[in-house]
Amino acid sequence: MAKPGLGERLKNLFSKNSSGEDFYEDFEDILIEGDIGAAAAIEISEHLRETFGRKGPESREQVSSELKTLIGGMMNEADTAVDPEKTTIILVLGVNGVGKTTTIAKMAEYYRGKYGLEPVLSAGDTFRAAAIDQLKLHGERLNLKVVHQQPGSDPGAVIYDSIESANARNAKLIIADTAGRMHNKANLVKELQKIDKIIASKASNAEYRKILVIDATTGQNGFRQAELFHEAVGIDQIVLTKYDSSAKGGVAVSISSKLGLPIAFIGTGEKYSDLKVFNTEEYVEKLLS
Ligand SMILES: Nc1nc2c(ncn2[C@@H]2O[C@H](COP(=O)(O)OP(=O)(O)O)[C@@H](O)[C@H]2O)c(=O)[nH]1
Ligand SMILES: [Mg+2]
């Protein structure tokens, strides 16, 4: 069963009748349990202290409405638009199992529907044969070109080929998969930097976007992943997956506010259509429900 959301916890807090300092301390705990992260939780509770003073707020409604404004103001919506006249390369990053490959298929479908583009998918996760097959299967189902090589081949070379292939067929969007696993962290970072360099050198006239996929159910672990990837290659946008299977997803608040990363999409299921453009208001509404 899903854990209670922030709204439910707030309700419980008010039924406890805690006030003053007790309220603020309990409130911070609630935010941290909701994966908002310690730094963002303290920032939020300090704002509430300024607004409601030492006595604390009188009603849950007061806090909810203040929180909507506050958290909404801390988060950023990404610009998901693409220029259909220009080549866009989307590199999809993230640790194993977060939903990268699924999200690639969903984004391909989204951009095809919205702009009439025929994206080229790039099987840059060369770590396992199954990862390549998975992307090929999506390509077959969606009737999209998938550029791939042998398992174990150099991901940078696969993505380089994909860009060439897209250029040759005048396809304006390339969405590339990557492996989120390596024998150790240093290896992963090195590998990602290598891929990044290859794309950057090939993308001088293109829009190059690095999207990090974060699983909403992993809590603050997701924040540490965002820090690691952002430090390694500089992330442009975030996709939050598995938002359907979790009452949490609060990690997006700390990623967006503390790392300054905008959120592009939210994954809400396993179907191709289960991808929503991120909307702060809707997100905060759901977070607090
Ligand atoms: N419920 C749900 N499942 C998802 C979502 N996105 C991905 N998944 C599932 O998560 C699992 C891992 O996805 P995959 O794309 O293979 O992850 P990758 O290892 O990062 O490429 C698969 O079973 C997907 O169907 C989502 O938004 N909601
Ligand atoms: Mg994958």
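This is a predicted model: local features need pLDDT of at least 70, side-chain atom pairs count only at pLDDT 80 or more; totals for chains, interfaces and linings use all residues.
Visitor: Let's start with H7. Which residues does helix H7 cover, and how closely do the axes of H7 and H8 come?

Guide: H7 covers residues 155–168. Its partner H8 covers residues 185–202. The two axes come within 9 Å and cross at roughly 20°.

Visitor: So is H7 roughly parallel or oblique to H8?

Guide: H7 is roughly parallel to H8, because angles under 35 degrees count that way. The crossing of H7 past H8 is right-handed.

Visitor: Which residues meet there?

Guide: From H7, they are Pro-155, Gly-156, Ile-159, Tyr-160, Ile-163 and Glu-164. From H8, they are Glu-191, Ile-195, Ile-198, Ile-199 and Lys-202.

Visitor: How do the residues of that contact divide by class?

Guide: In the contact of H7 with H8, 7 are nonpolar, 1 is polar and 3 are charged.

Visitor: Staying on H7, which of its residues are buried?

Guide: Pro-155, Gly-156, Val-158, Ile-159, Ser-162, Ile-163, Ser-165 and Ala-166.

Visitor: And what covers the buried residues of H7?

Guide: The cover includes four strands: S1 (88–93), S2 (120–122), S3 (146–147) and S4 (173–176). H8 is part of the cover too.

Visitor: How far does H7 reach from its first C-alpha to its last?

Guide: H7 reaches 20 Å with its 14 residues. That is close to the 20 Å expected at 1.5 Å a residue.

Visitor: What about H8 and H9? At what angle do their axes cross?

Guide: Roughly 45°, with the axes coming within 9 Å. H9 spans residues 220–233. The angle makes H8 oblique to H9. H8 passes H9 in a right-handed crossing.

Visitor: Which residues make the contact of H8 with H9?

Guide: H8 brings Lys-185, Leu-188, Val-189, Leu-192, Gln-193 and Asp-196. H9 brings Leu-228, Phe-229, Ala-232 and Val-233. By class, this contact of H8 with H9 has 7 nonpolar, 1 polar and 2 charged residues.

Visitor: New topic. At what angle do H1 and H4 pack?

Guide: H1 (residues 6–15) and H4 (residues 60–74) pack at about 145°. Their axes are 10 Å apart. The crossing of H1 and H4 is right-handed.

Visitor: Which residues are in the contact of H1 and H4?

Guide: Gly-7, Leu-10, Lys-11 and Phe-14 come from H1. Arg-60, Val-63, Ser-64 and Leu-67 come from H4. The classes are 4 nonpolar, 2 polar and 2 charged.

Visitor: Now H5. How far apart are its end C-alpha atoms?

Guide: They are 22 Å apart. H5 has 16 residues, 100–115, and at 1.5 Å a residue these should span 22 Å, so the two values agree.

Visitor: Which residues of H5 are buried?

Guide: Among them are Ile-104, Ala-105, Met-107, Ala-108 and Tyr-111. Buried residues of H5 also include Lys-100, Lys-106 and Arg-112.

Visitor: What follows H5?

Guide: Gly-116, with a positive phi near 65°.

Visitor: Which phi does Asn-143 have?

Guide: Asn-143 has a positive phi of about 60°, although it is not a glycine. Most residues other than glycine have a negative phi.

Visitor: Where is Asn-143 found? Is it buried or exposed?

Guide: Asn-143 is in the loop between helix H6 (129–142) and S3. Asn-143 counts as exposed because its relative accessibility is 65%, and exposed means over 50%.

Visitor: And where does Asn-170 lie?

Guide: Asn-170 lies in the loop between H7 and S4. Asn-170 also has a positive phi of about 60°. Asn-170 is exposed, with a relative accessible area of 55%.

Conventions
Residues are numbered from 1 along each chain as its sequence is written. Chains are lettered from A and ligands numbered from 1 in the order in which they are written. Side-chain values use heavy atoms; hydrogens and water are left out. Axes are lines fitted to C-alpha atoms, for helices over the stretch in contact, and angles run from 0 to 180 degrees between N-to-C directions. Helices (H or I, at least four residues) and strands (E, at least two) are DSSP runs, numbered from the N terminus. Angles under 35 degrees count as roughly parallel, over 145 as roughly antiparallel, 65 to 115 as roughly perpendicular and the rest as oblique. A crossing is left-handed if the near helix is turned anticlockwise from the far one by less than a right angle, and right-handed if clockwise. Contact means heavy atoms within 4.5 Å. Ala, Val, Leu, Ile, Met, Phe, Trp, Tyr, Cys and Pro count as nonpolar, Asp, Glu, Lys and Arg as charged, and the others, Gly among them, as polar. The expected span of a helix is 1.5 Å times one less than its number of residues. Buried means under 20% relative accessible area, exposed over 50%, partly exposed in between (1.4 Å probe, protein chains only).
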